[in-house]
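Hi everyone, thanks for coming. Today I'd like to walk you through some charged side chains and how they pair up.

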Amino acid sequence: MLSKLPSNLPPHLGLKFIKIYANSGDLRRARQLFDTISEPDLRTWTVIIDAYTKHGFPKEAVSLYAELQKKNIQPDKLLLLSVAKACAASSDLYKAKEINEDAIKFGFGPDLILGNALIDMYGKCRYSEGAKRVFARLPVKDVISWTSIAACYMNCGLPGEAVRAFHEMGLNGVRPNPVTLSSILPACSELKDLSSGRQIHGFIIRNEVGDNVFVNSALVNMYASCLSIKKAQLVFETMSQRDIVSWNAIITAHFLNGECENALCLFQQMITEGIKLDGASWNAVIGGCMQNGRTKEALQMLSQMQVLGFRPNQITITTLLPACTSLESLRGGKEIHGYAFRHWFFEDLTATTALVLTYAKCGDLELAHRLFNMMPRRDAVAWSTMISAHSMHGNGDEALSLFHKMLNSRIKPNAMTFTAVLSGCSHSRLVDEALSIFHSMSRDHLIEPDAEHYSCMVDVFSRAGRLEEAYDFIKNMPVQPSASAWGALLGACRVYKNVDLGRLAAKQLLQIEPKNPGNYVILSNILVTAKLWGEASETRKLMRDRGVKKIPGSSWVQVRNKVYTFVAGDKKIDQSDEIDRFLDELGQKMRVAGYMPNTEFVLQDVDQEEKEDLLCNHSEKLAVAFGILNLNGASSIRVFKNLRICGDCHSAIKFIAKIVGVQIIVRDSLRFHHFKDGFCSCRDFW
Ligand code: ZN
Ligand code: ZN
């Protein structure tokens, strides 16, 4: 190789040497040489930009393009292609939009190859709107265009759109290839769309797509996610070639289906057959054990894994911990925490962050915060996690102040940070603060708000009772409003008794997620409160006709390391008479203290007395009463509920906390409520 750089090389020789350096990975020399060329031609620009991207420096590649723009040099198709790849690799949406504009400006709008690259680029930047526009502009679309747009939807968390694109592709007579199939099947998995998944399977059989191991693994996964375990097993068994991905998929399948024994058997088979395990195999089996409540086996696997020479990585821990976020496994979480302390890391940022999240989700915000303070180093994810922990516990002010601390310590916030702090603002009615943060996103931090951020803002306005503004916000969103945006509005319409907007939001929601019982129930609640009995029963009829079942409310509470579950009107549990008596007594004291049962929350059309009786039997009240009867000197109890806490129970528990003198923490489906001294941390706003 050249030891000294020649100066004043003729351009064609310069290009040759740049290529040699670039291919050998010596980017520094390639760049030095590039800089000596006074007027590099387009090919030379392309080679150096490509080289940066290929060797993992896409940001450099993008900034080189900026230099080219400054010099007013007109790019050609190949050059634009390499910059598009660089933008994709660096997920630089801001620059991506510029490339797209340049492509149109210089007449490449209808170009198929460049168009496909732009769709892929937007997909990697998670900006489906951009990809959609490029896609629509292409006069001819090939299988790569369709595959890229479907992959883009997947990346943007829109699996429904991906499946729709796939069906449309078929209608347009374009045949999918194995890449299309293995990227569309995960969409079916995510949607649990067995019927589309089966159609694709049928297509694969009819067209003899053959023994593509990626496609087959994706099929196993799809059937597993749709809980069609027999089919998953069948596909797995007929595979002539099985890679580790398909083994992991079938094991996960059995775990998902609650068949722990089969899963563990298969895992043992893998070991005896000498299949080369990977980290994902261990994570699958450990995660599966945890999800099925088998903490002990999970911990055994953790040690076996190490005996066999595998180091648990942060994925192991992050796989383990989300499974600990219910009361049942808080203890499991603590065991793993102890294990982590004794055996390996505490330097590991990701794992510690996962623990912070676990504690927060288990209701122990204090422990979460202590752990966060102990971290020797904190990245954007760690900060965002702590901010989000405060948000879910309703401490908007604390979330906001942490956010500013984060900015002051010069940690760059990411999209997740903004979601975390905005949702904190929404839970504490900090509308102005939220607005100013939202506007700062693209202006100061170059982060384009995505659907989730827009939903947060809708939530901010909704919770503050500014329903019209929330609706305006939805109407003016540049992205498709998601179910969570409409859901926020609908929930607020219940609290603020706005029938018109409630109907409107519900109409959208019933289209987007027709199978979610919550939407029907809230709409029906709104209508009942407005005494529109007829319309309310129509809503409930629609729900029945569509075969949507209401999820029964249930609550659970931990007493002496055992978890007790309660459903409304539960008479079967131990101490049921005692609970009734206790609630009766408490009810009288509460009435003296000023509590008024709020019968709005009973949806049966019965007379007053019976309504009050039904209120007494809500699962969260039963769980709270049981917790108090079995306090054994503890100063707080934690109750988890699968649905939103009802308004009457909320006000009752405030009184109970005060009369009994305990702290009661209730986690409902949306957030945490800390009840103390007659007040709740949510300030009656949830
Ligand atoms: Zn209730
Ligand atoms: Zn509350």
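By salt bridge I mean a side-chain nitrogen of Lys or Arg within 4 Å of a carboxyl oxygen of Asp or Glu. This is a predicted model, so local features need pLDDT of at least 70 and side-chain atom pairs count only at pLDDT 80 or more, while totals for chains, interfaces and linings use all residues. Residues are numbered from 1 along each chain as its sequence is written, chains are lettered from A and ligands numbered from 1 in the order in which they are written, and side-chain values use heavy atoms, with hydrogens and water left out.

Let's start with K541, which forms a salt bridge with D545, the closest N and O atoms being 2.9 Å apart. Why are K541 and D545 separated by about one helical turn? Because they sit four residues apart in helix α32, residues 533–545; helices here are DSSP runs of H or I, at least four residues, numbered from the N terminus.

Now for accessibility: buried means under 20% relative accessible area, exposed over 50%, and partly exposed in between, with a 1.4 Å probe and protein chains only. K541 is partly exposed at 45%, and D545 is exposed at 55%.

Next, D648 and K621 meet in a salt bridge, 2.9 Å from N to O. This pair links distant parts of the chain, 27 residues apart: D648 lies in helix α36 (residues 647–660) and K621 in helix α35 (residues 619–629). Both D648 and K621 are buried.

Finally, R31, D35 and E67 are linked in a network of salt bridges. The count by this rule is 21 salt bridges.

Methods: Helices (H or I, at least four residues) and strands (E, at least two) are DSSP runs, numbered from the N terminus.
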